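Work through the exercises below with the sequence and the model open side by side. Each task is followed by a solution in steps.

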Amino acid sequence: MARQQWSSRSTFIMAAIGSAVGLGNAWRFPGIAYANGGGAFLIPYFVALLTAGIPLLALELSIGKKYQSGAPSAFAKMNKKFEWIGWWGVGTAFCICAYYSVVVAWVIEYVALSFKSPWIEKGAADIFTGDVLQVSSGMFDFGGFSPVVFLALIFAWVCIWYCIRHGVTSVGKVVKYTVILPVILLVFLIIRAMTLPGAFDGLSYYLVPDWSALLDINVWAAAYGQIFFSLSILFSIMVAYGSYLNKEAEVTKDAMIIGFADAGISFLSGIAAFGTLGYLSAVSGTPISQMKHTGIMLAFVTYPEALAQMPGGRLVVILFSLVFFIMLFTLAIDSAFSIVEAIITAVVDKFGWNKSKTTLWVCVIGFASSLIFATRAGLYWLDVMDHFVNDFNLIAIGFVECLALGWVFGADKIRDYLNSNTDFKYGKWWRACIKYLCPVIFLFISVTYLITNLTTPYDGYPVSNLIAGGWGIVLLTVIFGIGISLVKGKNEDKATVS
């Protein structure tokens with residue numbers, strides 16, 4: 001059966017942007033910028049985009065395109081010993097999609113809540129942790145399911161399945177709306193934020209650099225880390241998306257477009273977030289530097305708090321609450337189904353199973369795996385797993401991938417292929433980034449991460465919790481990668497392709 005292909009170059013670019021642009025742009029980027037010097041963070045962020053994000057994005061797209069396979073099969077065709085790296089990425093992707101789908105469920109619930117906007121009368125933190133999540137006392141106090149999260153989770157997985165049920169054909173139809181709509185809504189939020197008292201103080205905090213922060217190596221590490229997480233690289237997605245390109249696609253140009261689009265939307269999200277923080281600071285009297293609003297709480301607590309205090313009455317609060325959470329849903333769903341599509345592509349390529357049936361079963365298994373995060377202990381499990389599986393695994397995969405592809409297989413071979421059918425060619429800078437700069441950065445972040453987490457338990461969690469939901473899961477993804485690479489697949493070609 002002939003491999004599916006994107007219907008057009010624009011459809012592929014939209015899908016790739018949709019995958020890259022997700023909740024990490026809407027709340028992780030502003031939160032990381034807030035914690036790392038505001039405007040000073042933007043400088044290393046864009047340096048990281050040019051020296052790591054775009055080079056690695058082009059690398060993965062070109063591998064998928066050349067070998068017309070998902071990550072594990074493509075790596076195996078380069079060298080059979082590389083296959084496990086691809087499956088390590090797939091295992092990581094599966095863990096991420098399990099808990100990411102629950103965040104999508106939270107967003108769905110908040111879209112429904114926006115029609116009443118209960119944060120007008122009640123504290124947003126109490127609504128999130130109490131009414132919606134019904135958070136228990138700890139990781140092993142599961143306490144049953146939060147009913148609203150459970151129902152929203154079912155709906156989230158139905159949406160994911162629906163978007164990818166016909167592979168890239170249905171994905172292409174969905175992204176026409178889910179990529180453009182959030183940008184429109186984001187601009188709408190920016191305009192509103194900039195009309196509020198204190199907004200320009202927030203914007204000043206965001207855009208005026210604290211130059212001394214550039215001397216802090218942790219700020220640079222955070223910038224590179226955000227680029228890796230934001231661009232959907234290192235856990236099989238972009239290799240899978242590249243595998244549905246035709247042989248004439250110009251990856252060098254497309255990688256630049258996708259990379260700068262992702263960074264641009266992150267930058268705009270920062271304007272909306274810091275404008276809103278500036279307003280919240282003005283009405284609360286708390287300096288922006290002391291607000292400590294980052295991560296998930298920025299979306300589900302800080303924003304509702306700010307929305308509840310917006311001038312204009314209840315209807316205005318409801319309107320902008322709907323705009324914000326619909327924007328989050330359209331951002332989240334693209335990233336969610338792209339992760340699942342990468343898993344499906346890897347499985348079908350290796351075992352030759354029917355794609356429609358595989359899609360259904362992967363979604364069913366994914367739903368079952370996500371149920372732990374819908375319990376009353378779900379927030380703890382999500383927090384720990386995201387910290388270890390997402391943060392550590394992606395960096396470790398990047399280090400191994402750069403060594404295997406840049407040094408063993410050869411960065412020059414990949415660059416020659418990248419430049420073979422385009423007038424926009426990557427020069428020696430690309431080779432230097434893949435062979436030298438990226439591995440050094442990856443190694444530094446990995447070692448720093450290991451030392452920090454081994455000497456200081458993450459966020460005060462008991463060691464048993466960190467082993468169960470963190471280090472243990474990391475180890476399982478590695479074992480999964482090695483184990484499944486040893487299984488002979490129906491479509492497997494053991495010959496190495498140069």
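A nonpolar core is a set of buried Ala, Val, Leu, Ile, Met, Phe, Trp, Tyr and Cys residues joined through side-chain atoms within 4.5 Å, where buried means under 20% relative accessible area, exposed over 50% and partly exposed in between, with a 1.4 Å probe and protein chains only. The model is predicted, and local features need pLDDT of at least 70, side-chain atom pairs count only at pLDDT 80 or more, and totals for chains, interfaces and linings use all residues. Residues are numbered from 1 along each chain as its sequence is written, and side-chain values use heavy atoms, with hydrogens and water left out.

**Exercise 1.** Find which residues have the most contacts inside the largest nonpolar core.

Solution. The largest nonpolar core holds 194 residues, and W106, F228, F300 and F337 have the most contacts inside it. Helix 15 (residues 314-351) gives the most to this core, namely 24 residues; helices are DSSP runs of H or I with at least four residues, numbered from the N terminus. Then take F228: leaving out residues up to four places away in sequence, F228 touches A52, L56, I233, L234, I395, I441, F442 and I445, contact being heavy atoms within 4.5 Å.

**Exercise 2.** Decide whether C438 is buried or exposed, and list what C438 contacts beyond four places in sequence.

Solution. Locate C438 in helix 18 (residues 428-455). Because its relative accessibility is 1%, C438 counts as buried. Beyond its neighbours within four places in sequence, C438 is in contact with T51, A52, L56, C402 and C433. Finally, C438 and W220 lie 218 residues apart in sequence and 13 Å apart in space, C-alpha to C-alpha.

Conventions: Helix = DSSP H or I, 4+ residues; strand = E, 2+ residues; numbered from the N terminus.
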